[in-house]
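Hi,

Here is the structure I promised to pass on to you. Have a look at it first, and then read on for my notes.

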Amino acid sequence: KHVRNFETGDVVEGVVVGKDKKFVLLDVGAKSEGLIPAEEIKFLPEKTAEIGQKIVATVVQSENRQGNLMLSLKKAKSQYNWDTLKDLSDDGENIEVTVADYLNGGLIVDAQGQRGFVPISHLSRQHFEQFNAAMAGGNNSEAAKELGGLRGTNLIVKIIEIDAEKNRLVMSEKEVMSKDELNARGKRMAEIKTGNVLEGTVSTVLPYGILVDLGSVDGLVHISEIAWEKVLSPSDYFKSGDKITVKVIGKDAEKIALSVKELKDNPWNNVEERYPLGKKVKATVSKVVPFGAFIELEPGLDGLIHISETVGPLSVGDEVEAIVVNVDSKERKLALSIRQIEDAKIYR
């Protein structure tokens with residue numbers, strides 16, 4: 001009988017010839033049996049090892065002191081999984097994975113026993129919205145902990161990057177879109193042009209803006225494009241399901257940038273006519289800064305009272321009377337003075 005020699009890392013097939021509480025003995029054609037730790041039997045598809053059963057394992061130690069080969073099913077299962085996944089990747093097959101967790105911009109998934117990664121940008125539209133809506137409330141909210149209901153659910157994905165040596169497995173749910181969905185998306189993307197004014201529906205409200213369903217594609221209204229005034233939270237302006245009119249202000253192959261404020265009058269337009277030099281205004285202090293204070297003349301239009309033009313400290317909410325001393329729509333500057341009004345009273 002030919003006696004085989006094995007090295008660490010070799011994948012071997014053998015027959016179960018015995019077992020006790022600690023080990024399962026495998027005849028692999030070496031001069032002594034190979035030993036598999038009994039707790040690894042759970043890695044077998046049938047979860048048990050019977051005498052006469054054929055098993056594939058990996059050599060983790062060529063011979064221990066007693067001259068036995070030490071074998072592992074865990075390592076063999078991992079290698080088998082990588083090989084299977086590589087075949088699926090080469091064939092462009094879809095695979096089913098289970099969502100386990102979230103980490104650094106993506107979902108951690110279980111792909112046939114291997115840990116894989118699905119970037120958030122590679123989720124389907126529906127799951128992308130579901131995930132973002134859950135995360136909008138902060139990472140510690142109940143919805144975020146359950147990843148918007150995605151934790152524990154199965155996704156159908158395609159492998160887009162695989163490297164067993166680097167333990168890297170990246171997958172995409174987007175790549176699985178049906179031909180019809182892809183065609184509809186491509187067609188709609190081609191139709192939409194920068195400058196278009198479109199009707200849509202708010203699909204998701206995020207901390208940094210709102211996603212708008214434009215039919216087969218989504219566009220983003222960034223928080224800075226919601227209104228001319230400073231927006232603290234998009235949810236103060238919109239909720240999911242709202243009908244909305246938007247202007248396309250930019251697009252590339254993947255993304256569409258939208259604006260709501262572009263469809264409203266820019267308060268800086270014709271500002272010289274509405275606030276000529278010498279005009280007196282009454283308004284409320286909206287912000288205090290080290291060099292003075294801003295007062296809100298209209299939503300989105302603040303004027304600055306420089307600290308040298310005040311007559312004492314100002315606080316947010318104070319109602320003040322001031323006079324326009326400089327106005328420039330191009331530079332978006334509007335300067336006011338309280339001091340000049342007070343001085344005029346004194347020297348009258």
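A residue is called buried when its relative accessible area is under 20%, exposed when that area is over 50%, and partly exposed in between. Please keep in mind that this is a predicted model.

Let me start with Q53, which sits in the loop between strand 3 (34-37) and strand 4 (54-61). Its relative accessibility is 16%, so Q53 counts as buried. The side chain of Q53 also reaches the backbone nitrogen of E50, at 2.8 Å.

How many salt bridges does a search of the whole structure find? The search gives eight. Here are two more of them.

- R274 and E298 meet through their side chains at 3.0 Å, N to O. This pair links distant parts of the chain, with R274 in helix 5 and E298 in strand 17 (residues 292-298), 24 residues apart. R274 is partly exposed at 28% relative accessibility, and E298 is partly exposed at 24%.
- D90 pairs with K86, and their closest N and O atoms are 2.9 Å apart. Both lie in helix 1, four residues apart, which is about one turn of the helix. D90 is exposed, with a relative accessible area of 52%, while K86 is partly exposed at 38%.

There is also some charge to look at on the surface: D83, D87, D91 and E93 gather there in a patch of negative charge. Of these, E93 is found in the loop between helix 1 (73-91) and strand 6 (94-103), and E93 is partly exposed with a relative accessible area of 42%.

Now for the backbone. Most residues other than glycine have a negative phi. N270 is not a glycine, yet its phi is positive, about 55°; N270 lies in the loop between strand 15 (256-259) and helix 5 (271-274). R332, also a residue other than glycine, has a positive phi near 55°, and R332 is placed in the loop between strand 19 (319-328) and strand 20 (333-337).

Conventions:
Residues numbered from 1 in each chain as written. Predicted model: local features only at pLDDT ≥ 70, side-chain atom pairs only at ≥ 80, totals over all residues. Heavy atoms only, no water. Patch = residues over 30% accessible without salt bridge, like charges linked within 9 Å, V, L, I, M, F, W, Y side chains within 5 Å. Areas by Shrake-Rupley, 256 points an atom, 1.4 Å probe, with all protein chains shown as cover. Salt bridge = Lys/Arg side-chain N within 4 Å of Asp/Glu carboxyl O. Lys, Arg positive; Asp, Glu negative; His and termini not counted. Charge placed at Lys NZ, Arg CZ, Asp CG, Glu CD. Helix = DSSP H or I, 4+ residues; strand = E, 2+ residues; numbered from the N terminus. Buried < 20%, exposed > 50% of the residue type's maximum accessible area, 1.4 Å probe, protein only. Polar contact = N/O pair within 3.5 Å; in protein donor to acceptor, adjacent residues only side chain to side chain.
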